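Here is a short briefing for a first look at this model. Keep the sequence and the 3D view at hand, and follow the topics in order.

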Amino acid sequence: MPELIKYGIYFLIGGIVVSVSTYLGAKGEGFWAALASTFPAITGVTFVLIYLNGGYDATLIYAKNLLWFVPPWLAYVGFMIVALTHLGFWVTMVGSLVIYMSCVGLLRLALR
């Protein structure tokens, strides 16, 4: 399969997940929107595709490194929960992203 078609399929899979999450969230179905966003479908598809393209070792490296991003993600979501009612959406969104990237940066420094 040509590279362009493969990456087009990857893009469509990601777009479908974002669309389903957005639709459910906009309808007030926060639980189902969160499930759609965090359901391991994207991670699972990524595991399969990395395995098919890079093999066992590449898949294992990806899986191990994926765990390092759980604490930054928890900080990102936690800040959103705590700050949203106090700072408004856009300030909180930017703050959450700054916190996430800061945690990732600190993690990267710690892993050197």
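Which residues of α1 are buried? They are K6, V17 and S21. The model is a predicted one.

**Helix α1**

- Helix α1 covers residues 3-26.
- The buried residues of α1 pack against α2 and α3.
- G28 follows α1 and has a positive phi, near 85°.
- G8 also sits in helix α1.
- G8 is partly exposed because its relative accessible area is 29%, between the 20% and 50% limits.
- From G8 to P40, 32 residues along the chain, the C-alpha atoms are separated by 20 Å.

- K6 is part of helix α1.
- K6 has a relative accessible area of 15%, so it counts as buried, the cut-off being under 20%.
- Setting aside residues up to four places away in sequence, K6 touches M1 and N53.
- How many salt bridges does the count come to? The count comes to one salt bridge.
- K6 forms a salt bridge with E3, and the closest N and O atoms are 3.2 Å apart.
- Both K6 and E3 lie in helix α1, three residues apart, which is about one turn of the helix.
- An α-helix has 3.6 residues a turn, so residues three or four places apart point the same way.
- E3 is partly exposed, with a relative accessible area of 45%, whereas K6 counts as buried at 15%.

**The loop between α2 and α3**

- F39 is found in the loop between α2 (30-38) and α3.
- Is F39 buried, partly exposed or exposed? F39 is partly exposed, because its relative accessible area of 48% falls between 20% and 50%.
- F39 and V17 are 22 residues apart in sequence, and their C-alpha atoms are 9.3 Å apart in space.
- V17 is one of the buried residues of α1.

**Helix α3**

- Helix α3 covers residues 41-67.
- How far apart are the end C-alpha atoms of α3? They are only 16 Å apart, although the helix has 27 residues.
- A straight helix would reach 39 Å at 1.5 Å a residue, and α3 falls short of that.
- α3 has a kink of about 135°, centred on G54.
- T59 lies in α3.
- T59 is buried, because its relative accessible area of 15% is under 20%.
- Not counting residues up to four places away in sequence, T59 touches F47, I50 and Y51.

**A nonpolar surface patch**

- Which residues form a nonpolar patch on the surface? V48, Y51, L52, Y56 and L60 form it, with about 550 Å² of accessible area together.
- L52, one of the patch residues, lies in helix α3.
- L52 is exposed because its relative accessible area, 63%, is over 50%.
- Y51, also in the patch, is one of the residues that T59 touches.

**Helix α4**

- Helix α4 spans residues 70-87 and has 18 residues.
- From first C-alpha to last, α4 reaches 24 Å, close to the 26 Å expected at 1.5 Å a residue.
- α4 has a kink of about 35°, centred on I81.
- P72, M80 and A83 are buried in α4.
- The buried residues of α4 pack against α5 (89-110).
- G88 follows α4, with a positive phi near 85°.

**V104 in helix α5**

- V104 lies in helix α5.
- Why does V104 count as buried? Its relative accessibility is 18%, and buried means under 20%.
- V104 and P72 are 32 residues apart along the chain, with their C-alpha atoms separated by 6.2 Å.
- Leaving aside neighbours within four places in sequence, V104 is in contact with F69 and P72.
- P72 is itself buried in α4.

Conventions
Residues are numbered from 1 along each chain as its sequence is written. This is a predicted model: local features need pLDDT of at least 70, side-chain atom pairs count only at pLDDT 80 or more; totals for chains, interfaces and linings use all residues. Side-chain values use heavy atoms; hydrogens and water are left out. Helices (H or I, at least four residues) and strands (E, at least two) are DSSP runs, numbered from the N terminus. The expected span of a helix is 1.5 Å times one less than its number of residues. The bend at a residue is the angle between axes fitted to the seven residues ending there and the seven starting there. Buried means under 20% relative accessible area, exposed over 50%, partly exposed in between (1.4 Å probe, protein chains only). Contact means heavy atoms within 4.5 Å. Patches are made of residues with over 30% relative accessible area and no salt bridge: like charges are joined within 9 Å, nonpolar side chains (Val, Leu, Ile, Met, Phe, Trp, Tyr) within 5 Å. Accessible areas come from the Shrake-Rupley method with a 1.4 Å probe; for residues, only the protein chains shown count as cover. A salt bridge is a side-chain nitrogen of Lys or Arg within 4 Å of a carboxyl oxygen of Asp or Glu.
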